[in-house]
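Hello,

Here is the structure I promised to pass on to you. Have a look at it first, and my notes follow below.

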Amino acid sequence: MKAMLNETPLVEAVANRLSPPIWRWLGIAAILATACILPFAISGYHVSQFSQVLIYAIAMLGLNILTGFNGQISLGHGAFYAIGAYTTAILLDKTGIPYWATVPIAGAICLGAGFLFGLPALRLEGLYLALATVAFAVATPQILKFKGFDSWTGGVQGIQVDSPAAPFGLPLNTDRWIYYFCLIWAVALVIIARNLLSGRTGRAMIAIRDHPLAAATMGVDTALYKSLTFGISAMYTGIAGALGAVLSAYVSPDSFPVLLSIKFLVGSVVGGIASISGAFIGALFIEFTPNFADQISKAAPDAIFGIFVIALMYLMPTGAIGIFNFIGVRLRRWAVAKRQY
Amino acid sequence: MPREGNARKGALLATVLFALAAATAAVADDTPGVTATEIKIGNTDAYSGPASAYSVIAKLESAFFKMVNDQGGVAGREINFISLDDGYSPPKTLEQVRRLIEQDRVALLFNTSGTACNSAIEKYVNQKQVPHLFLGTGADKFGDYQHYPWTMGFQPSYRTEAQIYAKYILKVKPNAKIAILYQNDDFGKDYPTGMKDVLGDNFDKMVVTASYETTDPTIDSQITSLQAAGADVLLVAASPKFAAQAIRKAHDLDWKPLFFMTYTSTSIASVINPAGAQNAIGIISAGFVKDPADPNSRNDTGMNEWRDFMAKYMPGADTTDGNYLFAYAVSKAMLQVLKQCEGNFTRENIMKQAANLHDLELPTLLPGVRVNTSPTNYHPIRQLQLGKFDGTHWVPLGDLVTGAGN
């Protein structure tokens, strides 16, 4: 038994030496190239769907950092998505700030909001934190409708904004330009997340998730790290919200129901919650599955969606990324075994 | 290596870009969605999510166009009605409408559901110049023919309804103190606005308001404070659950104001009976759709036409649900527009005919309610019938009243 437990890391170590980084880089390059060519292979409406996928992926990447890597459950990320979207919409509506400059502003505001929300959330663990965040998500649409903010938020009618055209005279229509704009943000945020998670900060986050007491004993400032993680996570989701506002060219309180937060969590778990690439699979799932469900049954599309989720959780309890990793490990083991003979 | 990779990728990208720029120039189509044998009509509704009760409307519409096809279609063409789920989420509506227009290539959009959902697509649809007809919302803003010439509402707006109540109040109680309880959303907020349209500068003097959120457990305290303000007229703009609470609370407080109820909450099953029918006697409301519970409707030609349709095309559906009557009326209006096109189904002509309806009567609308449109009138129904609850059903009160529309 003990030997078996020890076996995996050993095999992994050998296997890692067998899979040189060149393959990894080629894989990433292939995915990126596909992502770049994609808008020219499909129609405008499909391009906007894939823009939405990228946006959801960024939002869920934020949630993965928080829940998957730091162990804090949030059922309220739809609220940060809404804050990001409204920041962009209000700035576009009231000021002359160009759309591309509103995105980092939305990110910064959500970073602050998330950090502040993280402070009281420190006293709450697990389920209690989940409840606090769900309250936040429930409150957000109502706050957006609040009379006192009407002149800013447009109240229940929301805000309509203009879609951006491609800059520098690029021969791209609006759909394709928004797609590339989202892609640039997605790539940048993935690189940042990777650097963050694979370094000292990431180790501290994971340590807090796995054993908070031990982490504190090792000298990790748990309070600071937890709040910071909350802030960074909110920033990611806020940037996604800002991009979402640019894509839809419209925001309203009804665009950000509690269901949106739950959808993010479902997507994260389906994709694989403690992974970066899982966010993209989860995003594909929440974008396209409801459309399939609608095609299968007009009577109960929610139920069909639920069946999909349950089935996937049975088949892939660690998310889609878990399956890929499992296959990868098997393949490498097979390669190692072959070498030994 | 990365630098070289980037250069190569850039070159590839540039090639694709040029190929594409050349290809896009060649696409042109006169009347999308219309062939010699078919007309495609697009629709979105909330089949999933919190507002899925509205999906019965789109289901009836699907069945209605099936009936039209069984009877030979319109101008020799079958109607292909494509209805998609948006879960009542505005960004999803935009996505589905883009699919309908760009991929399915529908000729027009019909009765897309929800105020915020329609707000999300209004601009896009008008850019694409696709007829966006008879929307499933009572918000007053849809019908702005100057800014959105391709978007046309259908039912009387809530604001029109409030104007009609205000006129009635001024007639019977010129010195009234009016209390308004409204739901804090797009639906409820139209009522104070409509009152203000009629009362003008006297609004602040004559009216006290209180609002509630749909998440509030009760509206008891609001009713109490409105009574304490000395009001002798009460207008309740609330969804059914809260409307029933309001009736009951006013009764418990022994408050007997001149009581007005929004037309969205006049269902005997879901409002009056829970509040106690005795407590609701004397309440005034307005309507434009017939009441399936009305015993007089048994011999009504229009209602019998509707009942025959329901029996044949929607067996098993709940025929006490007023949404089916509304859906039948709006589908009939759509059919009339298509017939008036006389085989010329360009988008321009569809829009022209939609704005060219004169005194159209629909089988499930109250007698005398007529649909009228013109290039400067995008609010097809502007009439409402006041009615008073007599303890068992709604009795007409006076003649049909016409609101201002805007």
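To start with chain B: 48% of its 406 residues count as buried. Please keep in mind that this is a predicted model. Chain B is built from 13 helices and 13 strands. Its radius of gyration is 24 Å, which agrees with the value near 22 Å that a compact globule of 406 residues would have. Along the principal axes, the C-alpha atoms of chain B fill a box of roughly 80 × 60 × 40 Å. Among the contacts in chain B with a separation of 6 or more, 69% join residues 24 or more positions apart.

Next, the place where the two chains meet. Chain A brings 31 residues to the contact and chain B brings 32. On the chain B side, at least two residues each come from helix 1 (2-24), strand 2 (78-85), helix 3 (90-103), helix 4 (115-128) and helix 6 (186-199). Helix 3 of chain B gives the most, with eight residues. By class, that side of chain B has 13 nonpolar, eight polar and eleven charged residues.

Finally, a helix pair in chain A. Helix 3 (residues 44-69) and helix 13 (residues 277-296) of chain A pack with their axes 7 Å apart, at an angle of about 130°, so helix 3 of chain A is oblique to helix 13 of chain A. The crossing of these two helices of chain A is right-handed. The residues that make this contact include A:Y56 and A:M60 of helix 3 of chain A, and A:F280 and A:L284 of helix 13 of chain A. By class, the contact has ten nonpolar, five polar and one charged residues.

Enjoy exploring!

Notes
Residues numbered from 1 in each chain as written. Chains lettered and ligands numbered in written order. Predicted model: local features only at pLDDT ≥ 70, side-chain atom pairs only at ≥ 80, totals over all residues. Contact = placed C-beta atoms within 7 Å. Helix = DSSP H or I, 4+ residues; strand = E, 2+ residues; numbered from the N terminus. Nonpolar A, V, L, I, M, F, W, Y, C, P; charged D, E, K, R; others polar. Rg over C-alpha atoms; globule rule 2.2 N^0.38 Å. Buried ≥ 20, exposed ≤ 12 C-beta atoms within 10 Å, placed from the backbone. Axes fitted to C-alpha atoms, helices over the stretch in contact; angles between N-to-C directions. Parallel < 35°, antiparallel > 145°, perpendicular 65-115°, else oblique. Left-handed = near helix turned anticlockwise from the far one by under 90°.
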